[in-house]
Amino acid sequence: MSKTRFMTLARFIIEQEKLHPEATGELSKLLHDLSLAAKIISLEVNKAGLVDILGFTGEANVHGEKVKKLDMFAHEVLVKAMDHGGHLCAMASEEEEGLIHIPPYHNIGKYVMLFDPLDGSSNIDVNISIGTIFSIYKRVSPDGKPGTMDDMIQPGFKQVAAGYVVYGSSTMLVYTAEHGVHGFTLDPAFGEFLLSHENIQIPKRAHIYSINEGNYLYWHPGLKKYIKFLQEEHKEDNRPFSSRYIGSMVADIHRNLLYGGIFMYPADSRNPNGKLRLMYECNPMAFIVEAAGGRASNGKERILEIKPEKLHQRMPIFIGSEYDVKLVEEFLAREE
Ligand code: P6P
């Protein structure tokens, strides 16, 4: 990889293609289209409080357009950015029940993309970091025809690329296409994503745990014991851990990816499948964290090997530093 201060996302993708001849230029162009959508969404997210786009006012904005929720805005930006490049045969969004087909006047490609356009959007009104999550698979149905649900409902290990954009103190795009996890920070001065975190590796052991402790009463007994274990003092074991929970999965996992940590959204007695979506949140994040040397399970099975049944199904998730995800799995197994 050439050493340059201005390693843009586009240049990095081209140089990656040279390093990995099996990589197809199509995936690179797809990521490029996605980065444009990310810039547009970032612009709106960062001025949301100013143009009254927050919440759902139902009134018209200064342009006379009906003001939408920011997550619907992000959904529409992504669909429009991705529907004409000729790389996809269909899309699926957390904001839409069914498949999103490619308009008949556009070329049909050999990939599908699933995305959560703005995860954590309830945090927008209080200026907390939120994110876009995307997941890309190669189609399994015959080429040249519109995509089908079979193209979407694939186990996570079949992904060819996955990533997220975190709209925080800066806007960062983090992705993996099976050759390392790389982070790019948006320079708003000239609207380019510049390589800032090459080949991210998550620390093998954590000292941060992320979970909504307000649900403690409803947890599995093994999880209660695990969290109490993390809160005990044991200097050699780096305990007690620090508790860090933003309530925005992308922001929580991004911090844990860089610092080490375990993020948990477990099943509980009220929500037997947890809250997060397998296809839009768990699979892409698991693909990224595993590519960075971490681990992701539902407490028993590897997330990426779970056979999906429905597009919007929920899945418990324990994800982050390998040692710590293995340990919580042991605590859960002991109390089966
Ligand atoms: P809770 C945001 O609404 C979200 O989908 C994730 O981004 C986040 O991790 C989780 O839900 C927070 O859920 O129940 O702790 O508020």
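Tutor: Begin with a definition: a polar contact is a pair of N or O atoms within 3.5 Å. Keep in mind that this is a predicted model.

Student: How far does a polar side-chain atom of Lys275 lie from an oxygen atom of the ligand?

Tutor: The distance is 3.0 Å. Asn212 also places a polar side-chain atom 3.0 Å from a ligand oxygen. With Met249 the atom belongs to the backbone, an N or O lying 2.7 Å from an oxygen atom of the ligand.

Student: How much of the ligand does the protein bury?

Tutor: The ligand taken alone exposes 400 Å², and the protein buries 79% of that.

Student: Where does the ligand sit?

Tutor: Its place is the largest pocket. Among the residues surrounding the ligand are Asp119, Tyr245, Phe263, Leu276 and Glu281.

Student: How many residues of each class does the shell around the ligand have?

Tutor: The shell has 5 nonpolar, 4 polar and 3 charged residues.

Student: Now a single residue. Is Ile124 buried or exposed?

Tutor: Buried means under 20% relative accessible area. Ile124 has 12% relative accessibility, so Ile124 counts as buried.

Student: Where is Ile124 found?

Tutor: Ile124 belongs to the loop that runs between strand S3 (111-119) and strand S4 (130-138).

Student: How far apart are Ile124 and Asn46 in sequence and in space?

Tutor: In sequence, Ile124 and Asn46 are 78 residues apart. In space, their C-alpha atoms are 9.7 Å apart.

Notes
Residues numbered from 1 in each chain as written. Predicted model: local features only at pLDDT ≥ 70, side-chain atom pairs only at ≥ 80, totals over all residues. Heavy atoms only, no water. Near = heavy atom within 4 Å. Polar contact = N/O pair within 3.5 Å; in protein donor to acceptor, adjacent residues only side chain to side chain. Areas by Shrake-Rupley, 256 points an atom, 1.4 Å probe, with all protein chains shown as cover. 1 Å grid on protein atoms, 1.4 Å probe; cavity = no way out; pocket = protein on both sides within 12 Å on 5 of 7 lines; lining within 4 Å. Sits in = over half its atoms within 2 Å of the grid points. Nonpolar A, V, L, I, M, F, W, Y, C, P; charged D, E, K, R; others polar. Helix = DSSP H or I, 4+ residues; strand = E, 2+ residues; numbered from the N terminus. Buried < 20%, exposed > 50% of the residue type's maximum accessible area, 1.4 Å probe, protein only.
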